[in-house]
Every structure is written in C-alpha cells, then in structure tokens.
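Colleague: I am new to this structure. Please take me through its aromatic rings, one close look at a time.

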Amino acid sequence: MSDDAPGQDLPAGFGFRPYRGDDDHGPMAAVRQGCAERDGIDARSVVEGLPTAAEIAEASAKLKEPSRNQILVVHDGSVVGYATIRWWQERDDTWVYLHRGYLLPEHRGQGIGSAMLSWAEERIRRLVEHHGTARTAVIGANAMASEQDATALLLAAGYRRVFSLVELELGDLRQLPEPAELPDGIRTGPIETGHYRAAWKTVVDSYADAGFTQKWPFQDFVDTADPACWRAAWNGQDMLGVALCSLRRHDRTVGEVEELSVRTDQRRLGIGRALLLDGLRSLRGQGATTARLYTGTANPHRSYDLYESVGFRRRNEYVRYRKPLA
C-alpha cells in the first residue's frame with residue numbers, strides 16, 4: 001500500500017487502496033447507486049446525478065494523477081466507498097482543492113467517513129505544498145442538502161457553508177409559453193464559430209462581480225463548444241446576451257441550460273426571457289423532453305424568478321463548503 005493510500009483508523013476488515021482504472025468503474029457506480037435512496041439523490045441531476053460506469057470513467061480520466069487523487073474503500077475485497085480530489089483556480093486567484101466522498105449507508109457510523117476525510121485533507125496539504133499555492137488555497141467539499149450524513153460530518157470537521165446552488169427542472173418542453181416580445185431592432189439567432197469570442201466574453205463578463213466562480217479560459221470554451229442549441233441576442237452586429245443550451249450526452253431526452261447571460265446595460269428589456277425560450281425550443285427540436293438548469297441561491301439578478309415564470313421548478317439544493325488549509 002502506498003503512502004497516498006494509508007489504512008489508518010479503519011475498522012477491522014476495511015482498507016484503503018488506490019484507484020486502479022477500468023476495473024473500478026463498475027464498482028464505483030454501484031456505490032453511487034447504493035447511496036441514492038439514503039441520500040435523496042436526483043438521478044437526472046445536471047449538478048450531481050447518478051453516474052454510469054462510463055461517466056465515472058470519463059470523470060476519472062480528467063483527474064490529474066487519478067491513481068493518487070482517487071482512493072477506494074474496500075471491505076472483504078469489495079468496493080464500498082471512494083473519494084476523489086480535484087482542484088482549480090477561481091477568478092479572485094483562490095485555489096480550491098475539492099474532495100468528494102461516497103460510502104454505502106450500511107457502513108456509515110463506524111468512523112470510515114472520518115478516515116476518508118482525513119485522507120483527503122492530508123493529500124490536499126501535500127498537493128498544496130507541491131504546487132506552492134498555500135497563500136491562497138482552501139479546502140472545499142460538497143454535499144446535497146438531502147445528504148444528512150455528509151453534512152453532519154463536514155460541519156463537525158470545521159467546514160462552513162459558503163454558498164449553494166439550486167437545481168430547477170422544466171418537466172415538459174411541450175408546454176412552453178409563447179415567444180417573448182423583443183424591443184425594436186433586437187433579434188435572436190444561432191451562434192456560429194465566428195461569434196465564439198463574443199459569446200465567451202458575454203458569459204465571463206456576467207460573472208465579474210460574482211464570488212466563488214472558476215476561471216474559464218477562452219480555449220476551454222472552444223474545446224467544449226456544442227453550439228447546436230446555442231442562441232444569442234443581437235442589435236445589428238452587437239451581441240447583447242447568450243443562452244448556451246445542450247443535450248446531455250448520455251441521455252439526450254434531457255436538455256440543460258448551461259449559461260444564460262445578458263449584458264449589464266441590456267437587462268430588464270425581456271432579452272433574457274426571449275433567449276431562454278429560444279434555447280428551450282431548440283432543445284425540444286433536438287429531441288429533449290425535459291430541461292434542467294442550476295443557479296446560485298444568492299443570484300443578484302433574480303434569475304430564479306425568470307426561470308419559474310417559464311415553468312421551471314426547484315428540485316434540490318447543492319451546498320458548497322470550505323475550510324481553511326491550516
């Protein structure tokens with residue numbers, strides 16, 4: 001067993017081991033499935049759903065050094081839990097090192113979750129030292145509001161809630177309101193490749209005063225572009241706002257509104273509503289039957305009201321916790 005996979009503080013019969021690749025994806029998916037009922041998991045969530053083995057494989061492939069930053073809990077040879085670490089830099093230069101753990105309910109209450117958390121925090125401290133980011137680094141953790149066990153564990157360990165996301169669902173895309181009336185001279189239309197930089201800047205600028213937001217380089221925008229259901233609002237050649245919508249790759253009946261951004265000087269004119277409805281009609285035209293989105297609970301632009309006005313309803317709340325590195 002490596003230094004990155006210690007077995008301390010675990011009951012007899014339990015152990016840690018590093019992630020090993022393809023053979024682990026099925027057992028990891030089974031852990032998530034086994035947690036679903038107890039934790040109130042929304043299987044179709046676009047924030048934190050119920051991933052398949054293929055989706056876990058994709059997520060693991062995106063991790064840096066997955067065999068060192070992903071650890072499995074085994075009991076008598078079977079995988080009963082796992083934890084993952086990833087990190088990013090936010091707009092204010094804060095480095096967030098996020099750990100996320102899952103443990104089958106029948107094995108909770110024995111100190112295993114605390115041992116997983118201790119492993120994650122120790123690994124994060126080593127990463128911060130290696131990266132030289134101690135001046136601005138924080139430890140992060142996520143839990144759905146319905147995950148009572150994880151919430152209690154984090155609060156007892158000194159984590160504090162810093163913000164939360166609310167996920168909304170529009171259950172039937174056939175029931176959309178009529179198109180909104182736009183001011184004279186303003187139109188909506190598709191986003192072509194030549195519009196990418198303007199669309200990216202519209203989104204990035206909309207987060208200028210928002211806390212806890214990740215840096216989003218233009219190249220990342222280009223690399224993940226999926227413009228079939230993207231829409232922009234224009235006045236002549238001037239882009240006023242965007243709705244970036246897409247179909248979920250593993251369930252194309254579910255559409256997602258990934259971004260809805262309107263320039264600060266163009267708000268309260270009905271542009272956001274028109275873009276949202278245009279994007280939702282595009283999703284419907286591509287075969288989606290329902291749509292999801294998420295927004296911050298402290299959203300200063302009251303987008304929650306807009307989403308509810310076209311039929312979206314609240315599904316769950318996803319709480320983001322942080323803890324000082326020291």
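**Aromatic pairs and their surroundings**

Modeller: Tyr 307 is buried, at 6% relative accessibility. Keep in mind that this is a predicted model. Phe 312 is buried as well, at 0% relative accessibility. Tyr 307 and Phe 312 form an aromatic pair. Their geometry is edge-to-face, with 6.1 Å centre to centre and 70° between the planes. The label follows because planes over 60 degrees apart count as edge-to-face.

Now the wider tally. The count comes to nine aromatic pairs. One of them joins Tyr 196 and Phe 221. Tyr 196 lies in helix 6, residues 196-206, and Phe 221 lies in helix 7, residues 218-223. The pair therefore ties together parts that are 25 residues apart in sequence. Tyr 196 counts as buried at 10% relative accessibility. Phe 221 is buried too, with a relative accessible area of 1%.

Charged residues come next. Elsewhere, Arg 32 lies over the face of Tyr 102. Here, too, the distance from the ring centre is 3.9 Å.

Terms used: Residues are numbered from 1 along each chain as its sequence is written. This is a predicted model: local features need pLDDT of at least 70, side-chain atom pairs count only at pLDDT 80 or more; totals for chains, interfaces and linings use all residues. Side-chain values use heavy atoms; hydrogens and water are left out. Rings of Phe, Tyr and Trp (its six-membered ring) pair if their centres lie within 6.5 Å; planes under 30 degrees apart count as stacked, over 60 as edge-to-face and the rest as tilted. Helices (H or I, at least four residues) and strands (E, at least two) are DSSP runs, numbered from the N terminus. Buried means under 20% relative accessible area, exposed over 50%, partly exposed in between (1.4 Å probe, protein chains only). A charge sits over a ring if NZ of Lys or CZ of Arg is within 6 Å of the ring centre and within 35 degrees of the ring normal.
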